[in-house]
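Please look through the model below with its sequence at hand, and then follow the paragraphs that come after it.

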Amino acid sequence: MIDKYGRKINYLRISVTDRCNFRCRYCMPEEGVRALKHEDILSFEEILQFVKAVAPLGIERVRVTGGEPLVRKGIVEFINALSKINGIKDISMTTNGSLFKEMSKELKKAGLKRVNFSLDTLKAEKFSYITRRGKLGDVLEGIKEALNLGFNPVKINTVVAKGFNDDEIDDFAKLTIEYPLVIRFIELMPLGEGGWAKGRFISAQEIKSKIKSDLIKVENIEGSGPAEYFKLKNAKGFIGFITPISRHFCEKCNRIRLTADGKLKPCLASSKELDVKEVLRNNADMEQIQKAFGEALSIKPYSHNMKYDESTDYEETKRRMWQIGG
Ligand code: SAM
Ligand code: SF4
């Protein structure tokens, strides 16, 4: 489906849960969140019904995210059912990686093709600090397993925060020499909880300048999304920069999001939403679901205006990343 600004929308991000076993400081508050009630969350059957309706409209790629998608019971069977939907060519997942190793083979068998791991530091103590719960070893094992099993590509999302991990940028970059990983540095967005992010923004330009070796520009890599990609000399992997703040990629945006509580969100940073749960729970037929999808696309803004302004809190969306799915 083409939106009114001529963008082809073929990518759906599904947040399957608002729950998470981590409490990353830029994302969730320490005390956790009042989790949505079971009945307020879309069932897997409802999500599948939705995807079956929108696949004929041109949705070909689906990313499963959260909260932490691997904490939701039945996730493997869900991926399996998704992979059988006509028209869905690509299923990927964004995960904190803590539970990945034990589920990896089943996920692969179910049809998961690509995985993005979120990892902000390579130091165990800092990892416990930033996630408030996690163990670095579990995530590293998950990443190794993903490489061994042939998931391709295996990407690492690294949110960079001043004074926290900006001293590790070069270490992350060097990982691409030995491993065929795609390391993507992401600008910290002012969507988090409790003000931890205040004063910690670093632009991609500055992140780049901390990589000591030459960056060789590469054009498209598979499933590249909105990042700009580079390579180090003789490296097996790639390095990407995602710049939601310093350089919008809105004009190329091809995505729409479905939240765990059944809202269609045409833009990550906008509070505009459309309630598709209501539609699904009113015995909607395919046409009604497609109509709701079309309405959501019609309110997709041309661009967001998210900026890093330390003097004000960013208020355009009241949802946080764990509620949207990144
Ligand atoms: N729990 C999974 C994970 O961490 O990969 C999936 C959901 S998480 C909300 C998706 C992505 O959003 C993660 O890569 C995380 O680092 C990123 N994220 C969360 N809060 C952010 C923020 N304030 N700025 C930039 N990225 C953020
Ligand atoms: Fe959980 Fe992912 Fe948010 Fe961290 S970034 S608290 S792992 S949802």
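The text below takes up a ligand site, the cysteines, a pair of helices and one lysine.

This is a predicted model, in which local features need pLDDT of at least 70 and side-chain atom pairs count only at pLDDT 80 or more, while totals for chains, interfaces and linings use all residues. Residues are numbered from 1 along each chain as its sequence is written, chains are lettered from A and ligands numbered from 1 in the order in which they are written, and side-chain values use heavy atoms, with hydrogens and water left out.

Ligand 2 is surrounded by 7 residues, the closest being Cys20, Phe22, Cys24, Cys27 and Asn96, where a residue is near a molecule if one of its heavy atoms lies within 4 Å of it. Cys24 has 16% relative accessibility and therefore counts as buried, a term that means under 20% relative accessible area with a 1.4 Å probe and protein chains only. Cys267 is likewise buried, with a relative accessible area of 11%. If a disulfide is taken as a pair of cysteine sulfur atoms within 2.5 Å, the count comes to 0 disulfides.

Helix H1 (residues 44-54) packs against helix H9 (residues 286-298) at an angle of about 80 degrees, with their axes 9 Å apart; axes are lines fitted to C-alpha atoms over the stretch in contact, and angles run from 0 to 180 degrees between N-to-C directions. H1 is therefore roughly perpendicular to H9, the word used for angles of 65 to 115 degrees. Helices here are DSSP runs of H or I with at least four residues, and strands are runs of E with at least two, numbered from the N terminus.

Lys263, in strand E11 (residues 263-265), counts as buried at 18% relative accessibility.

Conventions:
Buried < 20%, exposed > 50% of the residue type's maximum accessible area, 1.4 Å probe, protein only. Parallel < 35°, antiparallel > 145°, perpendicular 65-115°, else oblique.
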